[in-house]
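Trainee: I would like to go through this model term by term. Please hold each value against its definition.

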Amino acid sequence: MKKHGMINRDIAAALAQFGHTDLLVIADCGLPIPQGVSCVDLSYQVGDPAFLTILDAVLADFEAEAAFIAQEITNHNPHIEQEVMNKITAEYITHEELKDWSKQAKLIIRTGEATPYANIVLRSGVIF
């Protein structure tokens, strides 16, 4: 049994298949999941698991070279914005762009988060 890092078998298997520049989305429970994009749905009730909990777990096991959040988060969810920026420096894109980029994601992890614009696109880096 895996002792450290991501123990969710579906997420661990998907992350092991990521290559440089592949996109990973961590989403709140309201973000539309594009047809044909692999999704691991962790939500089990409104609010759980929280977006920030899953972001922490993913960042502990995933090399992200870039991160992108919706600019709308500044006015609608500044607490989550500040917490994200404390963990990783993210660039701003529009929410519409974020939804469009999610169509090219290799994986979307859906959380139970129910606050506005609690979504992030992570671009896979390399560990060397």
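Trainee: What is the strand order of the open sheet, and what is its pairing?

Mentor: The order is 2-5-1-6-3-4, with mixed pairing, in an open sheet of six strands. This is a predicted model: local features need pLDDT of at least 70, side-chain atom pairs count only at pLDDT 80 or more, and totals for chains, interfaces and linings use all residues. Residues are numbered from 1 along each chain as its sequence is written, and side-chain values use heavy atoms, without hydrogens or water.

Trainee: What makes strand 2 (39-41) and strand 4 (91-93) edge strands?

Mentor: Each pairs on one side only. Two strands pair if DSSP finds at least two bridges between them. Strands themselves are DSSP runs of E, at least two residues; helices are runs of H or I, at least four, and both are numbered from the N terminus.

Trainee: How do you know that strand 3 and strand 6 pair?

Mentor: Four bridges join them, and they run antiparallel. The definition asks for at least two, so strand 3 and strand 6 qualify. Phenylalanine 68 stands opposite valine 121 in strand 6.

Trainee: Which residues of helix 2 (residues 51-59) are called buried?

Mentor: Phe51, Leu52, Ile54, Leu55 and Val58. Buried means under 20% relative accessible area, with exposed over 50% and partly exposed in between (1.4 Å probe, protein chains only).

Trainee: Why are they said to lie on the same side of helix 2?

Mentor: Because they cover an arc of only 160° around the axis. The arc is that of the directions from the helix axis to the C-beta atoms. Their cover includes strand 1 (23-27), helix 4 (78-87), strand 5 (107-110) and strand 6 (120-124).

Trainee: What makes a set of residues a nonpolar core?

Mentor: Its members are buried Ala, Val, Leu, Ile, Met, Phe, Trp, Tyr and Cys residues, joined through side-chain atoms within 4.5 Å. The largest has 28 residues; Leu24, Phe51, Val58, Val84, Ile120 and Leu122 touch the most other members. Helix 2 gives the largest share, five residues. Another core, of 12 residues, lies apart from it; Leu23, Leu31, Phe68 and Ile108 are among them.

Trainee: How many helices and strands does the protein have?

Mentor: Five helices and six strands.

Trainee: Why is the protein called as compact as a globular protein of its length?

Mentor: Its radius of gyration is 13 Å, close to the 14 Å that the globule rule gives for 128 residues, so the label holds. The radius is taken over C-alpha atoms, and the rule is 2.2 Å times the number of residues to the power 0.38.

Key. Contact means heavy atoms within 4.5 Å.
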